[in-house]
Amino acid sequence: MKTLLKLYNRPTVLLCIAVCMFLLLNKVNAQQQLVVETSNNALVLQQDTARHMHMVYLGKKLNNNKSYTQIQSQYQQGTDYSGSLDAAYTAAGTTNLAEPAITVVHADGNRSLDLRYVSHKLERIDDNIVQLSVELQDPVYAFRVTLYYKAYVKEDVIEQWTSISHKEKGSVVLEKYASANLYLKAGSYYLTQYHGDWAKEMQPETAPVTHGIKTLDSKLGTRANLFQPSVFMISLNKTATEDDGDVLYGALEYSGNFRTDIELDHLNNLKILSGMNNYASPYTLTPGETFVTPSFVYLFSSSGKGNASRKLHRWARNYKIVDGHGTRLTLLNNWEATYFDFNENKLAGLIRDTRKLGVDLFLLDDGWFANKYPRNGDVAGLGDWQENKQKLPNGIGALVTEATNTGVKFGIWIEPEMVNPKSELYEKHPDWVIKQPSRAEYYFRNQLVLDLANPKVQDFVFGVIDTLLRKNPALAYLKWDCNAVIYNAHSSYLKNQSHFYIEYMRGLYNVLARVRAKYATLPMMLCSGGGGRVDYAALQYFTEYWPSDNTDPLERIFIQWEYSYFYPAISSSNHVTDWGKQPIKFRTDVAMMGKLGFDIVVSHLSEKELAYCQQAIKNYNQYKNVIWQGDQYRLSDPRTNEVAAVSYVNERRDTAVVFNYLVSNRYEAGSKLPVILKGLDPAKKYRVEEINLMPGTTSALGANTIYSGDFLMNIGLNPLVNSGRSSVVLVLTAQP
Ligand code: DGJ
């Protein structure tokens with residue numbers, strides 16, 4: 001082992017050992033157990049004598065690979081009478097009486113399903129990824145289900161999905177079709193879930209799970225996360241803290257209707273089922289057709305939430321988000337500066353302001369298009385993607401040239417899935433619009449959703465983007481918005497309306513895949529009137545997302561904090577706006593905890609404020625890689641402290657950026673205690689420097705103070721936050 005460690009670097013050796021152990025173990029238990037191991041965890045499936053597959057373990061990896069066979073006998077919780085509660089994929093209609101993962105109506109009308117092991121395959125996809133697939137078949141019907149478990153070893157992440165097919169003599173109707181089915185055993189369970197609305201995204205709630213079923217779901221069709229996102233956490237035995245406790249993170253990689261059932265059964269075990277929502281969506285599966293569910297991604301941590309989110313962030317940067325290790329463009333957006341009221345002249349001024357501020361790109365928001373029904377408000381024009389001749393007589397091309405000549409890049413807003421009834425598109429193609437044929441239309445933000453189930457609509461939406469980019473090859477950024485939910489769900493294209501929600505999403509992903517096939521690295525912001533569509537399926541096509549229209553920095557501290565459990569800082573678009581009462585420094589410091597942008601009137605800034613912003617952008621450019629690629633530590637929770645603190649530490653542990661904010665306006669509120677830092681090297685000495693100071697002010701911390709990592713992680717550091725210093729950004733640099 002020592003020699004091996006000398007020959008290769010430690011992580012490579014450990015990874016090889018983990019993969020070898022995994023393969024070995026799988027051989028040992030070939031008939032009884034299938035084990036998926038990651039660097040810290042294990043998921044164990046077990047076959048019984050009738051070849052039913054059970055999920056017997058999900059938790060910390062055990063040292064001895066034979067020990068997994070001894071797990072089950074340690075649980076004496078009584079009987080479930082049929083031995084099906086812990087099914088690896090719970091079928092309906094036979095002996096299972098709990099919430100099913102799958103419900104079918106066979107071609108002959110029979111509603112029962114019994115899934116038995118047929119075979120399994122273990123593939124090593126690369127150095128870090130192993131994939132287990134388990135094929136199950138009904139002994140009576142020619143009906144098959146394959147369960148997939150894709151394990152990212154280093155990151156401890158598993159993606160699970162299911163494919164369903166049959167060779168029956170007619171179509172089978174799938175009434176429920178979960179992606180994943182987990183079964184956990186613990187003394188007690190605590191669910192952390194989220195709810196929200198426009199400008200109130202990601203409000204957390206944590207509560208003990210009681211017996212029965214708790215369902216988290218969305219039936220909104222588009223903008224599906226508006227009231228509830230699919231992300232959640234389950235703590236086992238006690239509520240996990242940042243550094244302590246067993247916790248499972250889960251999220252469905254899907255941007256449409258989702259459904260997660262969390263059922264605490266009479267044995268006190270917890271079944272988790274997650275997948276597309278089957279609401280109004282029985283799916284008719286023809287013989288030979290394969291129905292593939294989206295992936296459910298999950299991650300177990302036995303050392304609290306901080307470890308879990310850092311692992312998930314790494315996984316997201318390595319495998320999901322477009323250009324996860326690439327760069328991002330800082331920008332000036334005109335939405336709140338102008339709303340719909342602009343012309344070429346005004347925009348030329350804003351382009352010059354972009355340069356003056358020192359950001360990379362000018363982003364032109366809503367209002368630039370439509371002529372018969374000009375987009376001068378949110379009541380008209382959506383769908384008519386031609387430049388408005390009055391506002392932009394020389395087109396987008398002239399603006400792109402203006403930006404290029406000014407030395408900045410140019411980006412543009414689109415909302416291509418939508419249509420205003422007051423538009424030429426609606427007049428020409430009323431059949432492209434989602435609405436009930438003989439009922440009154442009902443609008444969300446005065447608009448309707450286009451029917452992406454229809455391939456012609458998919459071509460149109462792709463064409464909108466393709467035309468923009470072909471005509472303006474220098475366009476450097478797209479903000480893709482989506483501001484309406486689906487009312488009156490009906491497609492005049494589809495024959496089977498119960499396929500509507502599924503086909504809409506297939507259509508959307510088809511368009512996004514076409515855009516990405518042609519424009520692989522174009523930066524694109526996923527915006528859905530705020531965070532209505534943030535999930536890991538959508539993020540496969542986007543470089544960043546817009547967490548909320550609420551940019552009040554105090555609110556943003558809370559919103560960004562909650563998103564940070566699931567999504568990395570590099571993907572969080574944060575804009576400095578005029579929302580809130582905090583000074584420009586506070587607003588900018590908060591926006592720096594992600595991808596920085598501005599949406600202000602630069603000419604309204606005082607000289608000092610402008611100078612502050614210009615310097616802050618330079619600082620950001622210097623440290624952005626630490627924020628984007630570093631490990632994030634949530635140090636002081638705004639919900640329980642007067643001061644919120646978050647840090648980012650780079651991989652070499654020689655640079656850290658620490659953000660501290662006052663989140664209370666009570667008498668003498670401030671950082672009475674030091675903030676205990678995390679993730680540093682205890683043996684290193686760090687110079688502490690305060691950055692982002694307003695011109696003319698000096699740091700209360702003094703200059704060039706040096707502390708050891710050991711000191712900073714045990715005693716901590718007081719950022720001296722108080723009402724006179726409500727936002728403090730520190731950079732820690734290891735000394736040679
Ligand atoms: C909603 C977005 O969240 C805003 O940033 C802005 O782009 C508006 N739509 C434009 O209509």
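This is a predicted model: local features need pLDDT of at least 70, side-chain atom pairs count only at pLDDT 80 or more; totals for chains, interfaces and linings use all residues.
Mentor: Residues are numbered from 1 along each chain as its sequence is written, and side-chain values use heavy atoms, with hydrogens and water left out.

Trainee: Is lysine 479 buried or exposed?

Mentor: Lysine 479 belongs to strand E25, residues 475–480. Helices (H or I, at least four residues) and strands (E, at least two) are DSSP runs, numbered from the N terminus. Buried means under 20% relative accessible area, exposed over 50%, and partly exposed in between, with a 1.4 Å probe and protein chains only. Because its relative accessibility is 5%, lysine 479 counts as buried.

Trainee: With which side chain does the side chain of lysine 479 make a polar contact?

Mentor: A polar contact is a pair of N or O atoms within 3.5 Å; within protein, one must be able to donate a hydrogen and the other to accept it, and residues adjacent in sequence count only if both atoms are side-chain atoms. Contact in general means heavy atoms within 4.5 Å. Leaving aside neighbours within four places in sequence, residues in contact with lysine 479 include Asn333, Trp413 and Cys527. The polar partner, at 2.7 Å, is the side chain of aspartate 365.

Trainee: Which elements do the buried residues of H8 pack against?

Mentor: Helix H8 covers residues 455–471, and its buried residues include Val457, Phe460, Ile465 and Leu469. At the start of H8, a side-chain oxygen of asparagine 454 comes to within 2.9 Å of the backbone nitrogen of lysine 456. The buried residues of H8 pack against strand E22 (409–414), helix H7 (424–428), E25 and helix H9 (500–518).

Trainee: What length does helix H5 reach from its first C-alpha to its last?

Mentor: The expected span of a helix is 1.5 Å times one less than its number of residues. H5, residues 344–357, has 14 residues, and the expected value is 20 Å. The computed reach is close to that value, at 20 Å.

Trainee: Which residue, with a positive phi, follows H5?

Mentor: At the start of H5, a side-chain oxygen of asparagine 343 lies within 3.1 Å of the backbone nitrogen of asparagine 345. Among the buried residues of the helix are Leu347, Ile351 and Leu357. After H5, with a phi near 100 degrees, comes glycine 358.

Trainee: How many residues does the largest nonpolar core have?

Mentor: A nonpolar core is a set of buried Ala, Val, Leu, Ile, Met, Phe, Trp, Tyr and Cys residues joined through side-chain atoms within 4.5 Å. In soluble globular proteins, nonpolar side chains tend to be buried together. In the largest core, the residues with the most contacts inside it are Tyr149, Leu364, Trp368 and Phe410. The size of this core is 201 residues.

Trainee: How many residues does the other core have, the one with Val643 and Ala645 among them?

Mentor: In the largest core, Phe410 is one of the residues with the most contacts, and phenylalanine 410 touches residues including Ile351, Leu364 and Tyr477. Apart from that core lies another, with Val688 and Leu701 also among its members, and its size is 22 residues.

Trainee: In E31, which residue is the bridge partner of aspartate 631?

Mentor: Two strands pair if DSSP finds at least two bridges between them. Strand E30 (residues 631–636) has 6 of its 6 residues buried, and E30 pairs with E31 (residues 643–649) in the antiparallel sense over 5 bridges. The two strands form a hairpin with 6 residues between them. The bridge partner of aspartate 631 is valine 649.

Trainee: Which residue of E6 stands opposite histidine 120?

Mentor: Strand E5 (residues 116–124) pairs with E6 in the antiparallel sense over 8 bridges. A hairpin of 4 residues joins E5 to E6. Opposite histidine 120 stands valine 134.

Trainee: How far away is the nearest cysteine sulfur to that of cysteine 482?

Mentor: A disulfide is a pair of cysteine sulfur atoms within 2.5 Å. By this rule there are 0 disulfides. Cysteine 482 is therefore in none, the nearest cysteine sulfur being that of cysteine 527, at a distance of 8.8 Å.
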